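Hi there,

Here is the structure I promised to pass on to you. Have a look at it first, and then read my notes below.

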Amino acid sequence: MGDQAQLLPGTLDLLILRAVSLGPLHGYGILLRIGQISGNSLLIEQGALYPGLFRLVRQGLLKTSWGTSENNRRAKFYALTATGRRRLREETESWNRLVAAIGAALSTQPEEV
Amino acid sequence: MSILSSIRLRVATLFQRSHANAELEEELRSHIQQRADDLERSGVTRFAAERRARIEFGSYQRFREECHDAAGGGLVESLGQDLCFALRVLRKSPSFTTIAILTLALGIGANSVAFSLMNALILRPLDVPHAQSLYSIERGQQKDPAQSYPDYRDLRDRTRSFDGIVAYTITRVGLSTDGNATGAWLYLVSGNYFDVLDVRPYLGRFFHSSDEHGENSAPYLVLSYSYWQNHFQGDSSIVGRTVFLNKHPFTIVGVAPPSFHGTEMYFTPNFWVPLVSGGQAGGWGDLNLRASHYIWLVGRLKPGITIAQATTDLNSVGTYLAENYPLEDRHISFSLTRPGLIGDTLGRPVRAFSTGLMSLALLILLAACANLGNLFAARAADRSREVALRLALGSSRRRILRQLMTEAMLISLTGGVLGLLGGLLALHWLDVWQPVPSFPVHLPVDPDARTYAAALISALVSAVLFGLVPVRQMLRLHPWHVVKSGTLNTSTVGMGLRDILLVLQVTVCGILITASFVAVRGLQQSLRSNYGFLPHHALLVETDLSMAGYDGDKAPAMQRRMLDTFEAMPGIDAVGLTDRMPLDGENMVNDHLVFKDTTTELRAPNAAAVAVVQNVSTNYFQAAGTALLTGRVFTRQDDAHSPRVAVVNRTFASKLFGSVEKAMGRYFKMADGSRVRVVGVAEDGKYKTIAEQPQPALFQPILQNPTSATWVVVRSNREPRELAAALDQKLRHLDPALPFTLRTWERELDGALFASRVVFVSLSMLGIFGAMLAVTGIFGMASYAVSCRLKELGIRIALGAQRREVLQTALGSALRLLAFGSVAGLVLGVVGSNLLAFIAYQGTARDPLVLCGVVTSMMFLGLVATWIPAARALSVDPLELLREE
């Protein structure tokens with residue numbers, strides 16, 4: 001677990017949107033999906049996922065419905081709304097720009113300056 | 001919406017809320033179950049799997065609450081929880097809660113009263129439409145509000161900046177309806193008065209400019225609403241009825257609306273009468289004399305005209321007046337000021353006083369907040385265990401702070417409501433108060449929305465002020481430290497801030513106590529000073545014979561009969577007559593130029609003195625108790641046919657003639673050129689205000705200057721009430737239609753002492769508030785310091801520390817802070833003593849008695865406040881403490 005990275009503030013929402021964009025999921029499923037798509041390299045406190053989910057629902061980015069999980073347990077499923085999909089696209093673009101900029105800045109060699 | 005369906009809706013929302021809660025619980029549990037399922041599949045037992053799933057999930061309660069907040073539905077609910085919890089916590093420590101609420105109630109109550117006064121006298125405009133465009137017009141550099149009627153007509157007709165200028169004055173008259181005479185107060189007003197002020201009649205009509213056709217042409221009368229209700233029982237057939245003012249018939253034409261109280265704030269007249277008919281209704285000025293300054297002017301500015309423009313306009317008329325009437329109007333100039341308090345005459349002192357009072361009240365509230373901040377900080381330290389536990393259980397710091405703020409708000413609002421209720425009581429008392437017996441003062445202090453808003457705002461602001469004090473402490477709190485050490489280490493947290501608060505509070509209290517000592521001394525000195533008359537054992541009968549139709553020569557004859565009748569009564573020592581009472585409000589404008597006998601050009605610059613003039617009868621000096629230093633009093637031979645004579649006071653004698661002895665038999669001149677011979681010298685006295693320096697005064701025989709409005713001074717050792725009844729009967733026997741007032745001279749003096757008394761009462765109240773706050777503040781601080789260091793003190797005592805050392809350890813810092821704050825308060829009080837001397841007559845903080853008083857009382861307060869904590873520190877039993885641990 002020691003080599004897992006701490007999440008930057010605000011990035012959890014982006015990860016949730018991304019995980020759900022691949023298909024409706026329940027809370028635990030989202031956690032697993034994030035682990036899967038990030039190669040288990042991110043440290044997320046499990047409970048911390050839920051306030052994020054409620055926030056996104058309140059902002060109208062996610063919609064919910066109750067269903068049954070693969071373990072045969074009743075669970076609440078989350079899916080992207082149209083707004084959510086648009087927001088994910090915008091956030092992804094701005095994230096990529098940020099990463100590119102920070103990356104470029106950090107990889108600059110002394111002789112290039 | 002019907003009640004039933006509203007209830008159903010409410011129940012439904014409640015149900016929905018609990019439904020959402022249940023859903024949240026189910027979702028979180030489902031997560032843990034699924035995680036446990038996965039873990040179980042990897043080979044762990046179900047029990048171990050569930051345990052590990054719960055641990056991995058993290059703080060269940062915290063996330064549940066956060067979800068609640070994130071969903072946005074939790075606010076109202078958690079506020080309700082906070083409120084319930086705050087109530088429970090406060091109920092658990094009733095003494096803390098009571099002290100806190102009372103402290104705030106005092107602070108907010110004082111502020112409500114001070115604010116209402118300020119609101120009534122300064123902030124609130126006159127109760128007429130568009131009052132903000134109304135201004136009083138004052139004359140000259142000395143800002144004299146009184147103008148003459150001819151000047152008024154010129155100003156009214158020649159200025160362009162005003163929609164209208166009204167003139168008015170206050171006077172008294174005898175009103176008789178159906179043969180019953182009573183005294184009444186009225187406004188004499190210009191014909192355009194109601195039209196310019198834009199007031200509409202409640203009943204009937206008002207009079208207008210078109211009703212005026214010269215002197216005594218408009219015998220009309222408009223009743224005030226309250227007088228109509230009280231005196232005419234709200235009879236709506238009143239319009240058109242004839243009543244008699246000083247025996248002249250006047251017709252009631254209408255009733256003013258209830259909200260209209262005239263153009264002065266402190267007084268509601270009984271009715272309004274046109275100024276042109278004032279001669280028949282108790283008016284004393286002359287409509288045709290430019291030198292007769294007796295009316296006040298209020299103008300309504302045209303829209304868009306600035307004060308500066310209007311002043312220029314007025315002064316151009318002033319230039320015209322000065323050119324055309326150089327005798328009366330030389331160097332005349334005008335200025336504008338706010339109306340309602342006789343221009344600046346009352347306005348300036350009233351504004352100074354109410355602003356001063358308001359600042360002191362705010363200081364009290366500030367001290368109360370500092371006090372409560374201290375208490376809260378101390379309590380927060382005591383509650384660190386509870387807070388640490390809540391933090392450890394996953395409560396967010398924000399939630400805990402909100403909880404503390406809720407408690408602060410709860411205390412503050414309760415205190416605010418209590419304080420406001422107390423303030424309303426005090427205001428009601430002020431509302432019905434009759435401070436000056438000879439004049440119906442009415443302070444319009446009935447609270448309005450602004451008063452309530454001010455109370456609410458001061459409650460909320462105080463809650464924020466003292467509620468925020470422990471915040472820093474809470475933010476720094478680390479649960480594990482607290483759990484480890486058992487309590488918060490107080491010497492490092494929040495102490496600096498608390499020290500500052502305590503010093504601030506003690507300083508403020510020091511200022512307040514200094515202020516009240518100055519006021520007490522001032523009043524004491526003014527009461528002890530020699531009035532130049534003896535108010536004890538004297539009754540006054542005030543009459544205006546013109547109210548009963550005694551004009552010209554009939555008045556002195558009737559006065560003679562009154563004096564003779566009274567003198568013949570048993571047990572009467574002396575009876576005297578005077579046209580003016582010393583220290584009566586009317587004496588404020590009693591200024592007469594006197595000249596040396598050698599002066600020929602009788603103009604103001606050449607005057608030898610400005611003297612107060614009183615016209616008195618033979619036995620006045622004996623009746624008033626004014627001592628004659630030398631010479632003789634008047635006799636009945638000093639009448640209109642004999643040479644003019646006068647008795648002067650000591651100051652007059654030394655100012656004009658060098659000494660009392662030299663004055664005898666010498667002559668001086670009055671402004672009208674008449675030569676007056678000095679036949680006696682009387683002691684100095686107080687004539688205008690209690691606080692005045694000795695000033696020249698002269699007494700003349702009333703037979704040489706007859707007047708119908710007089711006071712009879714009756715000196716007697718008989719019981720006042722019984723004597724009053726006897727005098728009353730005699731007077732009614734003399735003339736049943738003559739209105740009069742009868743009271744003791746001491747009661748009459750209440751008016752003169754009114755200002756000093758108001759200052760005295762309010763400053764002493766503030767001083768007492770300040771003292772109470774200081775005691776509770778120091779007590780809280782000291783007892784908290786002792787309770788924190790109880791263990792240490794026990795160890796010291798066990799190791800053989802002496803009582804003195806124990807006390808020093810326990811209370812040293814509290815006493816040092818107290819001393820520091822007291823000195824600061826005293827120094828500030830002395831520095832601000834100019835302000836204090838202004839509002840409290842003859843008071844100064846540099847008075848050694850005041851300084852001693854302040855120092856002693858601060859020491860006494862310190863002693864009282866630290867007594868119990870000190871006793872507690874000394875009675876520490878080390879054995880018991882050790883056993884407790």
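Which residues of helix H12 (residues 384-392) of chain B are buried? They are B:Ser384, B:Val387, B:Ala388, B:Arg390 and B:Leu391. Seen down the axis of H12(B), these buried residues fall within an arc of 160°, so they line one face of the helix. The opposite face, turned away from the buried side, carries the exposed residues B:Arg385, B:Leu389 and B:Ala392. Some terms: buried means under 20% relative accessible area, exposed over 50%, and partly exposed in between (1.4 Å probe, protein chains only). The arc is that of the directions from the helix axis to the C-beta atoms. Helices (H or I, at least four residues) and strands (E, at least two) are DSSP runs, numbered from the N terminus.

Before you go further, please note that this is a predicted model, in which local features need pLDDT of at least 70 and side-chain atom pairs count only at pLDDT 80 or more, while totals for chains, interfaces and linings use all residues. Residues are numbered from 1 along each chain as its sequence is written, chains are lettered from A and ligands numbered from 1 in the order in which they are written, and side-chain values use heavy atoms, with hydrogens and water left out.

Now for chain A. Four helices and five strands are found there, and from the N terminus on they run β-α-β-α-β-α-β-β-α. Of the 113 residues in chain A, 39% are buried. The average pLDDT (the predictor's confidence in each residue, from 0 to 100) is 83 for chain A, and 92% of the residues score at least 70. Confidence in chain A is lowest in strand S1 (residues 5-6), at a mean of 68, and highest in helix H4 (residues 82-107), at 89.

Back in chain B, helix H2 (residues 46-57) is another one to look at. The 12 residues of H2(B) reach 16 Å from the first C-alpha to the last. B:Ala49, B:Ala53 and B:Phe57 are buried in H2(B). These three cover an arc of only 70° around the axis, which puts them on the same side of H2(B). An α-helix has 3.6 residues a turn, so residues three or four places apart point the same way. B:Phe47 and B:Ile55 are exposed, on the face of H2(B) turned away from its buried side. Just after H2(B), B:Gly58 takes a positive phi of about 95°.

Next, some strands. In strand S9 (residues 271-274) of chain B, B:Phe271 and B:Val273 point one way and B:Trp272 and B:Pro274 the other, and all are buried. S9(B) pairs with strand S6 (residues 220-223) of chain B in the antiparallel sense over two bridges; two strands pair if DSSP finds at least two bridges between them. B:Phe271 is the bridge partner of B:Leu223. Strand S21 (residues 709-716) of chain B is mostly covered, with seven of its eight residues buried. S21(B) runs antiparallel to strand S12 (residues 538-544) of chain B, joined by seven bridges.

Finally, the largest nonpolar core has 86 residues, and those with the most contacts inside it include B:Tyr193 and B:Trp272. Such a core is a set of buried Ala, Val, Leu, Ile, Met, Phe, Trp, Tyr and Cys residues joined through side-chain atoms within 4.5 Å.

Enjoy exploring!

Definitions and conventions. Expected span 1.5 Å × (residues − 1).
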